[in-house]
Amino acid sequence: MEKDLSTFIAASKKVVKEYIQTRLSLLKVQVMEKLTHAMGLLFTIMTAALLIFLFIIFLGITLGIWIGTLTGSYALGFLIVTAFILLILIILLIFHRTFILTPLTNLMVKVLEDDAGGDDAETEKNISDAG
């Protein structure tokens, strides 16, 4: 009887150790997946920001030349465009939490939560199917 109990405890100890190692490996893979997804999203946002920046530069040059042609002074045209861009920049600086920080934070949280929610449910299903 005592031999069976010690054999059971040894076998259980081995199974628990393997289970913990497997869970740690799964956790590492899940973290890497989330980090990869977040980095991809960050790269996409940075690329979009660069393209928007280039668009604004070329639009500003075009509007400066056009307004300069209408007013007869390129300097005045570029001054008007610069004042408009400065006004937009001031508005963005005042409301940066509302227009930039909060939406990006919510997007990152949503991306990380969506990944986490599916993994736990799938893991629980796999565990119950294996048992």
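H1 supplies twelve residues to the lining of the largest pocket, which is the largest share. The model is predicted: local features need pLDDT of at least 70 and side-chain atom pairs count only at pLDDT 80 or more, whereas totals for chains, interfaces and linings use all residues. Residues are numbered from 1 along each chain as its sequence is written, and side-chain values use heavy atoms, with hydrogens and water left out.

The protein chain contains three helices and zero strands, in the order α-α-α from the N terminus. Helices (H or I, at least four residues) and strands (E, at least two) are DSSP runs, numbered from the N terminus. Of the 131 residues of the protein chain, 10% count as buried; buried means under 20% relative accessible area, exposed over 50%, and partly exposed in between (1.4 Å probe, protein chains only). The protein chain exposes about 10,900 Å², of which 75% is supplied by carbon and sulfur atoms. Accessible areas come from the Shrake-Rupley method with a 1.4 Å probe, and for residues only the protein chains shown count as cover. Among contacts (heavy atoms within 4.5 Å) between residues at least 6 apart in sequence, 51% join residues at least 24 apart.

Helix H1 covers residues 2-71, 70 residues in total. From its first C-alpha to its last, H1 reaches 101 Å, close to the 104 Å expected at 1.5 Å a residue; the expected span is 1.5 Å times one less than the number of residues. The buried residues of H1 are Gln-30, Ala-38, Leu-41, Gly-60, Gly-64, Ile-67 and Gly-68. Just after H1, Gly-72 has a positive phi of about 85°.

The C-alpha atom of Leu-79 is separated from that of Gly-64 by 7.7 Å, at 15 residues apart along the chain. For Ile-80 and Gly-64, 16 residues apart along the chain, the C-alpha separation is 7.5 Å. Leu-79 is exposed, at a relative accessible area of 53%, whereas Ile-80 is partly exposed, at 38%.

The largest pocket holds about 600 Å³ of space. Of its 20 lining residues, the closest to the centre are Ile-52, Phe-53, Ile-56, Ile-57 and Ile-85. H1 and helix H2 (74-94) are the elements that give two or more residues to this lining. A pocket is an open set of points on a 1 Å grid over the protein atoms alone, where a 1.4 Å probe fits, with protein on both sides within 12 Å along at least five of seven lines; lining residues have an atom within 4 Å of a point. Grid points are joined across faces, edges and corners, and a volume is the space filled by probe spheres set on the points.

One aromatic pair was found in the whole structure. The ring centres of Phe-95 and Phe-99 lie 6.0 Å apart with their planes at 70°, so the pair is edge-to-face. Rings of Phe, Tyr and Trp (its six-membered ring) pair if their centres lie within 6.5 Å; planes under 30 degrees apart count as stacked, over 60 as edge-to-face and the rest as tilted. Phe-95 is partly exposed, at 41% relative accessibility.
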